[in-house]
Structures are given as C-alpha cells and as structure tokens.
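Take a look at the protein below.

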Amino acid sequence: MVLDNIRTCYKDMTDAEKRVADYILSSPSSVVRMSMNRLSEASETSDATVMRMCKLVGETGFHQLKISLAMELSAEPEAPRASEGPDEEPNDIVEFLRRTDEGILSISKTLDSDAVHQAIGMLRDARTVFVFGWGNSSVVAADLAHRLARCGVNTFTTESTEYVLRSLVIADPRDILIVFTHTGQSTVSLETMRVAREQGIKVVLITNDPTSEAGSLANCILCTGDQDELLGDFGITSHLHELVINDLILYFLTDRGTSINSGHRSEEVISHWKL
C-alpha cells in the first residue's frame, strides 16, 4: 500500500522529499484532488522533488501515486468529519456552484493577457490550426477545433495519435498546434509537441501546470489555473476551465477580425440541413 511504502522509504528520503511525504501522510484525501504543482507549493518543494519521491516509493509518477492513494483510501472505512473546511466536499447545489464560480474567477490570477493576445496572433496568421488533446482532453480539443471552423479557421483535430503525428510531419511551418494537457505530463502530448517543434511549427499549450515538461516545449502557454477538483481526478475530471479558455480565444479572435466571412459561408452551407 502506498502509505506504508512512504513510511518504509521515509528514512532514505532527502529533507525536501520528506516534506512531500509528510504532507501526503497528513492529508492523503486532499492530495488525491491536487495537481503536482499544488502539492509542491503546499510542501514548499518543487515538481521535480515530488516526482523523485513518487518513484522512490515505487510509483511511476504523481498521477499513478494518486490512483494508488485513491484506491487505498476507498478500501478504508471513512472517518467521521468534525466540521466542513474549505477543502471539504460541498453538501448542496449553492455551495457547489459557489466553489465553481470561485474557480473560474481564479483563472485571471494565472492567465497572462499577453500570452492570450500572442495566441490570437498565431491563430490569425496560421494556415492550418492543429488542435490536440489526449484521453479526457480530446473533448475540449474537439470543442475548440469545431468552433474555430465555424469562424472560418481551417482546423485539424483527431483522437488518433498516429494520424496527428503523420499529419504534423507533412505540415507547413505556417501551421500551429494547440495542445490541451491538464498536467503537462502526458507522454502522448509531449511527443506530439516535439514533432511539431521539429517541423518548425509553433505550439500553444493550454494547461494547469506551466512549469511542467510540456511548458518547456511551448511557444505560448495559457494557464487554466489550479482547478478545484470537485469531481475527482480520475475519468470525470472537470474541463470547465479549459472550456472557459476556449470561449476566451473565440471571443478575442472574432473581435480582432478573423475570417468571419468564411464562417458565414460555412453556416450558409450547413443551414440547408437545419430546420
């Protein structure tokens, strides 16, 4: 069990790794809902230290540690709660919506307005906009690609890793790639970004963690902020912050004069299939 492994390996850890371990041991249920960046800040360490500690206790990475931790906690009887604190789960609809609203407003604290305008400029100059997200992120990638196309932007998106890699190899340097990866650690997304950069294609990264490995491969980073994972982090993770970024891109893109006429032409064609 991961908590026992942490205790067993504790004596072999550096002081920084022990701070990560101490935080996990003291608040395991909170860690399950955290991003790696949030845990490193809470333990006053770094993402690299968190990763080292995860591997020291036998996990391949932080995401795997969270899965192991969640499975272990779910097998234990739930302890009674003394009172509801800020990290506790909301008990009613109003509280859920309040927490969601606070999360959306927090995006303004991490999102760089200059980066937004840089991304808009890259979109306006692009011949083709490749939009990619692996796994759960594929749905927000598809949302942005579809709505950009409705604005007259030539887009390409697919859930097939092989298809996007083959397409990027024959792409033009005037094209751009937009990648969605919540943690910035997805190996598929990282390889997609590397291939794009090797082809001279600029990359816009939309992520929760700008300090991740994916961040080092991007020309432009749009940070979604540290999302309150009310739905958990395994399979049903909320993509609300990414969808807000999508809306932001579309709002400023159309405001700054993208190919709206092309968008109108596509709507005219599609209108024949609408009642």
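Is F96 buried, partly exposed or exposed? F96 counts as partly exposed because its relative accessibility is 32%. Buried means under 20% relative accessible area, exposed means over 50%, and partly exposed lies in between (1.4 Å probe, protein chains only).

## About the model

This is a predicted model: local features need pLDDT of at least 70, side-chain atom pairs count only at pLDDT 80 or more, and totals for chains, interfaces and linings use all residues. Residues are numbered from 1 along each chain as its sequence is written, and side-chain values use heavy atoms, leaving out hydrogens and water.

## Overall build

The protein chain has 14 helices and 5 strands. Helices (H or I, at least four residues) and strands (E, at least two) are DSSP runs, numbered from the N terminus. Of the 275 residues in the chain, 44% are buried.

Take the contacts between residues at least 6 apart in sequence: 67% of them join residues at least 24 apart. Contact means heavy atoms within 4.5 Å.

## Two nonpolar cores

A nonpolar core is a set of buried Ala, Val, Leu, Ile, Met, Phe, Trp, Tyr and Cys residues joined through side-chain atoms within 4.5 Å. The largest one holds 29 residues, and V129, I178 and L222 touch the most other members. Several elements each supply at least two residues, including β1 (129-133), β3 (176-180) and β5 (220-223). Helix α8 gives the most, with 6 residues.

Look at V129. Neighbours within four places in sequence aside, its contacts include L123, L148, F156, I176 and I178. Another core lies apart from the largest one; it has 20 residues, among them L3, M34, L39 and C54.

## Cysteines

How many disulfides does the structure hold? The count is 0, where a disulfide is a pair of cysteine sulfur atoms within 2.5 Å. A disulfide is a covalent bond between the sulfur atoms of two cysteines. C9 counts as buried because its relative accessibility is 17%. C54 counts as buried too, because its value is 1%.

## A loop residue

E44 sits in the loop between α4 (36-42) and α5 (47-56). This residue is not a glycine, yet its phi is positive, at about 55 degrees. E44 is exposed, because its relative accessible area is 65%.

## Back to F96

Where does F96 lie? F96 is part of helix α7 (residues 93-110).
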